[in-house]
Amino acid sequence: MSEFNDHFSDVAQGYAAFRPRYPDALFAALASLAPARDVVWDCGCGTGQASVALGAHFGQVHATDASAQQIALAEPHERVTYRVAPSHASGLTNGSAALVTVAQALHWFDVDAFHAEARRVLVSGGVIAEWCYTLLDVPSAPLVADVVNAMDARMRMWWPPQRRHVDSGYDDLAFPFERLDIGAFAMEAEWSARQLAGYVATWSAVSRYRAAHGVDPTVEFTRRVTSVWGDVERHTIRWPMVLRVGRVP
């Protein structure tokens, strides 16, 4: 298996505070497709954004991540059990989960090894859902999105190479399951300029740039965002999502 490279321990606290939340309608749709609502495995759970939402629909959520620091800062929930584990070795028994989810993490995995593990863990007729989200839109302030896009371009060479899979919408990654169409989804948040800057600070590219140069690029980013933010405290930030859902025989 490929070696785990932890790109998020240095920003785990900010990740927990500033990453956007996925729409509950997504989890309701996945729960309606799953053959049961007892056990779900949330792989690459980070600090638990998807895990906690799954807890509203499933009796037991096994949430794993290879980053011990992310797990240490994960949001508690009575139905969620967090554990440090790689994507190819969940520790779950054969045929024990009705649903497997991967939220904004598949591109860090050995995808073939993870899919083999998901097949082993899923019950017959079980569902797997993998998703990522693209760069954001700010409908009420397009210049804010322009500043974010410019920051992404500036950080381009500092993104880990796996980031290209997000840019391609996972089209270049295998998905050996019977595909299911559950419609389109997007994340939304009502954020201040400070919250948006906090989110950008969680980018793995920003962390790598900061470590290499000893300079925090979000200082200049915050100045630019503030200059085009306007006279409102918050804007609606929107992230379109790319979703792959499938079923095992």
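This is a predicted model: local features need pLDDT of at least 70, side-chain atom pairs count only at pLDDT 80 or more; totals for chains, interfaces and linings use all residues.

Residues are numbered from 1 along each chain as its sequence is written, and side-chain values use heavy atoms, leaving out hydrogens and water.

Start with helix α6 (residues 142-154) and helix α10 (residues 218-229), whose axes come within 8 Å and cross at roughly 160°. That makes α6 roughly antiparallel to α10 (the label for angles over 145 degrees). Helices here are DSSP runs of H or I with at least four residues, and the axes are lines fitted to C-alpha atoms over the stretch in contact, with angles from 0 to 180 degrees between N-to-C directions. In contact terms (heavy atoms within 4.5 Å), Val 147 and Met 151 are among the α6 residues that meet α10, whose side includes Phe 221 and Trp 229.

Now the rings: the structure holds 13 aromatic pairs. Rings of Phe, Tyr and Trp (its six-membered ring) pair if their centres lie within 6.5 Å; planes under 30 degrees apart are stacked, over 60 edge-to-face and the rest tilted. Two of the pairs look like this:

| Pair | Centres | Planes | Type |
|---|---|---|---|
| Tyr 22 and Phe 27 | 6.5 Å | 70° | edge-to-face |
| Trp 191 and Tyr 199 | 5.7 Å | 50° | tilted |

Tyr 22 is buried at 11% relative accessible area, and Phe 27 is buried at 1% (buried means under 20%, with a 1.4 Å probe and protein chains only).

Conventions
Helices (H or I, at least four residues) and strands (E, at least two) are DSSP runs, numbered from the N terminus. Angles under 35 degrees count as roughly parallel, over 145 as roughly antiparallel, 65 to 115 as roughly perpendicular and the rest as oblique. Buried means under 20% relative accessible area, exposed over 50%, partly exposed in between (1.4 Å probe, protein chains only).
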